[in-house]
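Subject: A structure to look through

Dear colleague,

I am handing over the structure we spoke about, and below it you will find notes on what turned up in it. Please keep the view open while you read, so that you can follow each place in turn.

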Amino acid sequence: MKIVNVDVAIVGAGGAGLRAAIALAQTDPTLKIALISKVYPMRSHTCAAEGGAAGVIKADDSFALHFDDTVGGGDWLSDQDCVAYFVKEAPKELTQLEHWGCPWNREPNGSVAVRPFGGMKKQRTWFAADKSGFHILHTLFQTTLQFPSISRFDEYFAIDLLVDEGRCQGLTAIEMCSGMMTQFHAKSVIMAGGGAGRIFPFSTNGAIKTGDAMAMAYRAGVPLKDMEFVQYHPTGLPNTGSLLTEACRGEGGVMLNKNGRRYLQDYGMGPETPLGKPELKTMELGPRDRVSQAYWHELQKGNTVSTPWGECVMLDMRHLGEKVINERLPLVRELAIAYLGVDIVKDPVPIRPVVHYMMGGISTNMQAETVLPGLFAAGECACVSLNGANRLGSNSLVELLVFGKSAALSAFAYLQELPAPNAKALTALAEQSQGRIRALFSRTDGAESVAGLRKEMMDSMEKNVGIYRNEEGLKEAAQVIENLRTRYQKVILTDKSNVFNTDLFQVLELGSMLECASAITVGALARKESRGAHQRLDFVARDDENFLCHSMVHFNGDQNPTVDYLDVVITQSPPGVRDYSGAHS
Ligand SMILES: Cc1cc2nc3c(=O)[nH]c(=O)nc-3n(C[C@H](O)[C@H](O)[C@H](O)COP(=O)(O)OP(=O)(O)OC[C@H]3O[C@@H](n4cnc5c(N)ncnc54)[C@H](O)[C@@H]3O)c2cc1C
């Protein structure tokens, strides 16, 4: 087995992982940093982000307003010390990106342009057309290239953390082109492995978003926090799940039911605003949870449009005109033409809600530390408690930067004066990890296929753990997922080769997804209230008395996971009413 000795190993080379790597390299040029990714960095999901990144920049805006929007948008489940830190750091990080070369859109006078985004009371979303993530990731990636201390391990598939003497001291990974098992011995490990939207069948997420980092930390004893909060984005293309960015609505796109009515006014987001003049925080600029829930009600009322791809509502952007569309939403136009044959300049486009983002993840504090010494986490795989019960669009890209950097600084502070890892003990642990893979290769009595188990998982999650949930459905899902976890032990590998064995990686990804699905379902069953993206038909109200707290799901091996709770940090904003009616303006 190959051994790689480094100071810090980072799992994931998306926005969070790259930002962490840069901060480490800048802090101490003598550090050895391993940047490990199962895909080439530019294929990380951050590249797919479209709409933009939020940070206070205009004179009419303030940190206090960004704070209020984030805390209210998160239905008061965000830790407020974390949000206060985040909003202050956000413009600094976005300016830093600018200095590294990110081509933000400009106002005619040369200042940075911002656009409206859902749930935000002011315009504060910086953007680079509708390819913001693409430009952010390129900027970060090209910046990492100037640091010789960052060694890249592209197409290495991370499997298990190595925990010795109560500290995380590295991990195992498979070099995908050869199948060779590799041990990374590291004083600190940063998880930046992204989300897990692929647990659901209809998702905006790239195929690689299978919750591997969450599952690795979870299996190593770190709780997953607030997993029941799964974000649906209201505007996905109905056939592929590809996202039409919230910027469509930010720029003035409107949502219509089959009667041509702008139905959001019927769900506390009215009154109707004039066409082409979107009013901040109301109607189509309501938050994602509310707008997605409104779709569900329209569906129940029979107000949706039947299309060859299922029930939809329509997103109409024709009134924006070709010039604005080409300038600000070129990718959206391209996507709708390519996948549906609809030109948004000429026709409304059918859309429906689609699984987009995990508010929950590896539990960390504000410094990106987990309860396992030596292990840190940032980005979508982590839950630093910024987003609460519902993330506002454009806060995530900034979260990667702010907390990617925090994770690096914490990992650096931690590794000072640590003894070198005990190579012998770690190798013994790595051999156990290798044994797990070998057992998969040698299994002959298996009867379960990856595709079969995955389909059952996805179907159950979609049916029972979607926008609206109830006790009966959640119980059914919990049972199905636990059953699938058992059956997973019998999954067979049909390809036994070593070179780019995609069959093997799909088996491992399914294992990660099942652990995350289990945590989501158990968390959702235990939370007997409705808050943000977690809506229960049997407990329709928010219950601050009993559930103003983070759920913490703990791994128990073959047994069912257990849930306990952690207080939410409230520093200045007591729970209030979420108002998107326009009364605030
Ligand atoms: C279509 C789309 C549009 C979006 N638009 C916006 C937007 O406009 N604004 C906004 O704020 N947010 C947006 N988001 C959300 C945001 O883009 C993501 O939350 C964020 O980019 C996640 O970044 P990350 O660094 O945490 O993970 P990712 O960018 O997903 O990177 C994860 C990394 O982990 C690696 N990895 C995973 N598992 C393993 C393993 N087992 N072994 C080795 N490596 C592994 C991957 O290779 C990858 O490098 C969007 C999301 C999507 C899907």
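Sorted by class, the residues that line the second largest pocket comprise 12 nonpolar, 6 polar and 9 charged ones; please bear in mind throughout that this is a predicted model. The space in this second largest pocket comes to about 580 Å³, and of its 27 lining residues the closest to the centre are Arg 219, Arg 436, Tyr 488, Gln 489 and Glu 515. Two or more lining residues are given by each of strand E7 (156–164), helix H5 (212–219), helix H11 (423–442), helix H13 (471–488) and helix H14 (502–526), and H14 provides the largest share, with 6 residues.

A polar side-chain atom of Thr 46 is placed 2.5 Å from an oxygen atom of the ligand, while an N or O atom in the side chain of Ser 44 is 2.7 Å from a ligand oxygen atom. With Lys 38 it is a backbone N or O atom that takes part, at 2.9 Å from a nitrogen atom of the ligand.

Finally, some points about the backbone deserve a careful look. Most residues other than glycine have a negative phi, and most peptide bonds are trans. Trp 76, in the loop between helix H2 (63–73) and helix H3 (80–100), has a positive phi of about 65° although it is not a glycine. Ser 385, which is found in the loop between strand E18 (382–383) and helix H10 (396–415), likewise is not a glycine and has a positive phi, of about 75°. Are these residues buried or exposed? Trp 76 has 8% relative accessibility and therefore counts as buried, the cut-off being under 20%, and Ser 385, at 1%, counts as buried too.

As for the peptide bonds, the one from Gly 270 to Pro 271 is cis, with omega near 0°, and Pro 271 has its place in the loop between strand E12 (254–256) and helix H7 (288–301).

With kind regards

Key: Residues are numbered from 1 along each chain as its sequence is written. This is a predicted model: local features need pLDDT of at least 70, side-chain atom pairs count only at pLDDT 80 or more; totals for chains, interfaces and linings use all residues. Side-chain values use heavy atoms; hydrogens and water are left out. On a 1 Å grid over the protein atoms alone, a cavity is a set of points where a 1.4 Å probe fits but cannot get out, and a pocket is an open set with protein on both sides within 12 Å along at least five of seven lines; lining residues have an atom within 4 Å of a point. Grid points are joined across faces, edges and corners, and a volume is the space filled by probe spheres set on the points. Helices (H or I, at least four residues) and strands (E, at least two) are DSSP runs, numbered from the N terminus. Ala, Val, Leu, Ile, Met, Phe, Trp, Tyr, Cys and Pro count as nonpolar, Asp, Glu, Lys and Arg as charged, and the others, Gly among them, as polar. Buried means under 20% relative accessible area, exposed over 50%, partly exposed in between (1.4 Å probe, protein chains only). A polar contact is a pair of N or O atoms within 3.5 Å; within protein, one must be able to donate a hydrogen and the other to accept it, and residues adjacent in sequence count only if both atoms are side-chain atoms.
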